[in-house]
Amino acid sequence: MENDVEASGGSLSVIFDGILWFFANIGMSVYNFFYAISHPSLWLDWSDKQAIMRFVYYGGSKEFFFVVLTAFLIMFAIGVWRNNIMWGYVRVLEGFANVVGRFFAWAGLLMVLQQIIIVFMQRIFTRPDISFGFGIPLQFDISWFAEELKLYNALVVCLCMAYTFVQGGHVRVDLVYSAVRFRTKKVIDMFGALFFMMPVAVLIWMYGWFFLWRHLIVPNPSASDTLDRLLNKSRALRWNVETIGFSPNGFNGYFLFKILLCAFTAMLFLQAMAMFYRSYLEWKEGPESEGKYLDKDSLGEGEEAYEGAH
């Protein structure tokens with residue numbers, strides 16, 4: 001009996017310590033944010049090797065996570081108080097996704113045009129390379145341009161994902177969603193944004209951030225490194241940007257894919273915020289607010305039959 005009481009007390013102590021740790025980090029995040037923006041040279045002056053290591057550490061740290069989480073909670077609290085402000089959040093976040101997506105969607109056209117040029121240069125002009133520009137032209141082997149097509153594909157996938165989400169273009173597997181009431185749908189959307197989209201974005205960011213920096217600098221940073229350890233490593237720091245291709249004359253800018261992975265994750269998190277805020281507002285205001293301020297693309301007058309296809 002005494003053992004059960006001790007075990008129960010130990011469990012409560014762990015829970016209490018966890019709650020205390022959480023709110024302590026929420027409180028410290030405000031201090032950390034203002035300290036960071038008031039001392040930019042500590043992490044933005046990249047002529048200082050220690051500043052680079054601080055940037056690497058804080059980009060994947062719990063301090064950065066709690067700064068983002070606190071900002072999300074503060075924005076939500078203000079939005080609950082003033083719904084028109086939260087609608088502003090939604091319009092800005094969805095507008096950002098639309099602008100970025102509409103711009104980088106043109107990478108799909110560039111990919112097709114470049115492939116046509118490659119075929120013409122290989123089969124008709126039998127050239128081993130392609131040159132662009134005047135004076136000192138940009139000249140690479142055809143295999144370089146052929147492998148570089150993957151970058152265009154990555155641009156579309158990573159930077160148009162949030163745009164496609166706003167436009168309702170992702171495939172949905174509906175088991176119960178269509179059968180429930182409007183406000184229940186909004187609760188499901190809020191739950192999905194908070195407990196699926198955001199945690200997945202955090203996990204991908206933690207992987208992608210250090211994956212990126214391990215291909216940019218040496219000694220390689222690790223997610224398990226403390227700040228002090230990284231500062232010690234900074235004494236031997238040097239840039240070592242990945243420029244290795246899969247073939248001797250192939251595309252050698254694969255570090256760009258690591259940057260795109262981080263950009264994709266950031267946009268995924270921002271879209272999760274937009275979805276949560278929109279779902280809350282539509283839940284509160286009712287069916288008449290569904291699709292409010294939603295900037296969806298249109299194929300033009302007379303093309304309504306095709307609207308559902310994009």
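Leaving out neighbours within four places in sequence, Asn 252 is in contact with Trp 144, Glu 242, Thr 243, Ile 244 and Gly 245, where contact denotes heavy atoms within 4.5 Å. This residue of the predicted model is found in the loop between strand E4 (238–239) and H11, helices (H or I, at least four residues) and strands (E, at least two) being DSSP runs numbered from the N terminus. Asn 252 is partly exposed, at a relative accessible area of 30%; the term buried applies under 20% relative accessible area, exposed over 50%, and partly exposed in between, with a 1.4 Å probe and protein chains only. Between the C-alpha atoms of Asn 252 and Ser 47, which are 205 residues apart along the chain, the separation is 26 Å.

Residues are numbered from 1 along each chain as its sequence is written. The model being predicted, local features need pLDDT of at least 70 and side-chain atom pairs count only at pLDDT 80 or more, while totals for chains, interfaces and linings use all residues, and side-chain values use heavy atoms, with hydrogens and water left out.

The largest nonpolar core contains 48 residues, of which Phe 72, Leu 159, Leu 260, Met 273 and Tyr 277 touch the most other members; a nonpolar core is here a set of buried Ala, Val, Leu, Ile, Met, Phe, Trp, Tyr and Cys residues joined through side-chain atoms within 4.5 Å. At least two residues of this core are supplied by each of helix H4 (62–81), helix H5 (83–104), H6, helix H7 (142–159), helix H8 (161–166), helix H9 (182–213) and helix H11 (255–285), and H11 provides the largest share, 13 residues. A second, separate core of 16 residues has among its members Ile 52, Met 53, Trp 213 and Leu 237. For Phe 72, the contacts beyond four places in sequence are Leu 194, Met 198, Met 273, Phe 276 and Tyr 277.

A search of the whole structure finds 11 salt bridges, each defined by a side-chain nitrogen of Lys or Arg within 4 Å of a carboxyl oxygen of Asp or Glu. In the pair formed by Arg 102 and Asp 297, the closest N and O atoms are 2.5 Å apart; this pair links distant parts of the chain, with Arg 102 in helix H5 and Asp 297 in the segment after H11, 195 residues apart. Arg 102 is partly exposed, at 28% relative accessibility. Asp 225 meets Arg 229 in a salt bridge with an N to O distance of 3.1 Å, and Asp 225 also pairs with Lys 233, the closest N and O atoms being 2.8 Å apart. Both Lys 233 and Asp 225 are buried, the relative accessible area of Asp 225 being 9%, whereas Arg 229 is partly exposed at 48%. Elsewhere, salt bridges that share partners join Glu 94, Lys 186, Asp 189, Arg 278 and Glu 282 into one network.

Glu 148, found in helix H7, is buried yet has no salt bridge, and the nearest side chain of opposite charge, that of Lys 150, is 11 Å away; Lys and Arg count as positive and Asp and Glu as negative, without His or the chain ends. Apart from residues up to four places away in sequence, Glu 148 touches Gln 114 and Phe 251.

Most residues other than glycine have a negative phi, and most peptide bonds are trans. The peptide bond from Val 218 to Pro 219, however, is cis, with omega near 0°, and Pro 219 is placed in the loop between strand E3 (217–218) and helix H10 (227–233). Tyr 293, in the segment after H11, has a positive phi near 60° and is partly exposed, with a relative accessible area of 41%.
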